[in-house]
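These notebook entries record what I looked up, topic by topic.

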Amino acid sequence: MTQENNPYDEPDSRTRPAGAPSHWVTPPPPGSTGPRTNPNAQPYPHADPSQEATRITNPQVTPTSPTSPPAPPAPVVPSGAVPPPPTAHGQEVPSATDFLDRRAESAGFGPATWGWRGAIRKMSGGLISPKMGAAEVAYEQDRAMIQRDFDGPRTIVFINPKGGAAKTTGVLAAGYTFGTVRGGGVVAWDNNETRGTLGIRGMRSTHRNTTRELLDNLAAFNNVYQSRIGDLGAFVRSQGDAHFDVLASDERPDVTGQIHADDFGQVHHLLERFYKVILVDTGNNMRAENWLAAADTADLLVVTSTVREDTGYSGLWMLDALQESGYADLKLKTITVLSDPSPKVDTNLARDLTEVYQQRTRGVYRVPFDPVLVAGSTVQYSQLSEDTKMSWLKACAGMAHAL
């Protein structure tokens, strides 16, 4: 994504007050257009107005057989009053929860804070409060999508068998986005079979424990009534204001051996007890036991690629291999994140990669070049550009929608 193509940009951005983010407009994820709604909300049952009129003005008495007791008299309805919704014929009286859900659905979003609308509201002291423009509504809808409740923990696995495909930086950027928008409950796990770089790219900790040490101490978590998430603090590394944790892969030079499928299963089962969103970084060997175990366990696969022909080809080859291996509904279970490896990229190649991945996965999200992510050092989340943050917000909203 280039500078002139940002996720939440508005035509009137030239009048946006200082400090407001500069974003491009894209349609919200499929199914998330319009006012924010609660998928579990049950609307009030609506009776046919003609039937209401009949029930009020011409109450009917159900005929009875000679041996049946007489039917109770119809309730007296005061003139002008509306009777309560009927409970017969499968219709239900709305509950108190239905009432609150309906109120939440109709609340919508607050007044505008972006662009000329926000400027007018600020200059008038709130006396004039225009509604949000399309860009700001899309932004709020994406945040609401990321914040949605799941009916259990969700595992998102980032994959591409080529090194330098932005898997690790993608996991960290997604961790930052899910963590800050959801307010926690997120872990990024380096599931490399030997040694990965997630631990050295994330913020450091006072300890150096990794997946290997956690595996050696799993027995301490066997009692589900006494083990606590705080006990995991000896093995995961807090990312501070980013509101997510990192579980690093093995970093000790004196250790041999690999992480196997059973090891993955045990650690994953433990993380599911304490986190709502599990982001899994993977190695480059898609034949490794723990790589295959992660792919089998994933609720969503994220193919990461830079705008390079070799990296893009590697991701497509991987999808071919997974398809041949019998992975069902692969397109519906996969999205793509394309990252710009430099400030300027081949626009024709970017278009070709977007088109082919659009055919192979359920959505393609472009994220811009950001020196904070490509420097190879510890990622300083506060230094990520606004374009990077907003592009990853859009991508993570797509992930949440797919879940």
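**Entry 1: two helices side by side**

I note that helix 10 and helix 11 are roughly parallel to each other, in what is a predicted model. I looked up the geometry behind this: the two helices pack at an angle of about 10 degrees, with their axes 11 Å apart. Because angles under 35 degrees count as roughly parallel, the description follows from the angle of about 10 degrees.

Next I asked which residues of helix 10 meet helix 11. From helix 10 I list Glu309, Thr311, Gly312, Gly315, Leu316, Leu319 and Asp320. From helix 11 (residues 347-360) I list Leu349, Leu353, Val356, Tyr357 and Arg360. By class, I find six nonpolar, three polar and three charged residues in the contact of helix 10 with helix 11.

**Entry 2: helix 9**

I then turned to helix 9, which covers residues 289-297. Its buried residues are Asn290, Trp291, Ala293, Ala294 and Ala295.

**Entry 3: Asn192**

I located Asn192 in the loop between strand 2 and helix 6 (198-201). Is Asn192 buried or exposed? Its relative accessible area is 13%, so I record Asn192 as buried, the cut-off being under 20%. Leaving aside neighbours within four places in sequence, I find Asn192 in contact with Ser249, Ile259, Asp281, Gly283 and Asn290. Asn290 is one of the buried residues of helix 9. I also note that the side chain of Asn192 reaches the backbone oxygen of Arg195 at 3.4 Å.

**Entry 4: aromatic pairs**

How many aromatic pairs does the structure hold? I recorded four. One of them joins Trp189 and Phe264, which are stacked, at 4.8 Å centre to centre and with 10 degrees between the planes. This pair links distant parts of the chain, since Trp189 lies in strand 2 and Phe264 in helix 8, 75 residues apart. Trp189 is buried, with a relative accessible area of 1%, and Phe264 is buried too, at 2%.

I next looked up Phe244 and Tyr381, whose ring centres are 5.7 Å apart and whose planes stand at 75 degrees, so the pair is edge-to-face. Phe244 is in the loop between strand 3 (237-238) and strand 4 (245-247), and Tyr381 is in the loop between helix 12 (371-374) and helix 13 (386-402). They are 137 residues apart, and their pair links distant parts of the chain. Phe244 counts as buried at 2% relative accessibility, as does Tyr381 at 6%.

**Entry 5: Arg182**

My last entry concerns Arg182, found in helix 5 (residues 167-182). At 19% relative accessibility, Arg182 counts as buried. Which backbone oxygens does its side chain approach? I recorded that of Ile146, 2.8 Å from a polar atom of the Arg182 side chain, and that of Arg148, reached at 2.9 Å. Not counting residues up to four places away in sequence, Arg182 touches Ile146, Gln147, Arg148, Phe150, Thr177, Lys276 and Val277. I also recorded that Arg182 and His243, 61 residues apart in sequence, are 8.7 Å apart in space, C-alpha to C-alpha.

Conventions. Residues are numbered from 1 along each chain as its sequence is written. This is a predicted model: local features need pLDDT of at least 70, side-chain atom pairs count only at pLDDT 80 or more; totals for chains, interfaces and linings use all residues. Side-chain values use heavy atoms; hydrogens and water are left out. Buried means under 20% relative accessible area, exposed over 50%, partly exposed in between (1.4 Å probe, protein chains only). Helices (H or I, at least four residues) and strands (E, at least two) are DSSP runs, numbered from the N terminus. A polar contact is a pair of N or O atoms within 3.5 Å; within protein, one must be able to donate a hydrogen and the other to accept it, and residues adjacent in sequence count only if both atoms are side-chain atoms. Contact means heavy atoms within 4.5 Å. Axes are lines fitted to C-alpha atoms, for helices over the stretch in contact, and angles run from 0 to 180 degrees between N-to-C directions. Angles under 35 degrees count as roughly parallel, over 145 as roughly antiparallel, 65 to 115 as roughly perpendicular and the rest as oblique. Ala, Val, Leu, Ile, Met, Phe, Trp, Tyr, Cys and Pro count as nonpolar, Asp, Glu, Lys and Arg as charged, and the others, Gly among them, as polar. Rings of Phe, Tyr and Trp (its six-membered ring) pair if their centres lie within 6.5 Å; planes under 30 degrees apart count as stacked, over 60 as edge-to-face and the rest as tilted.
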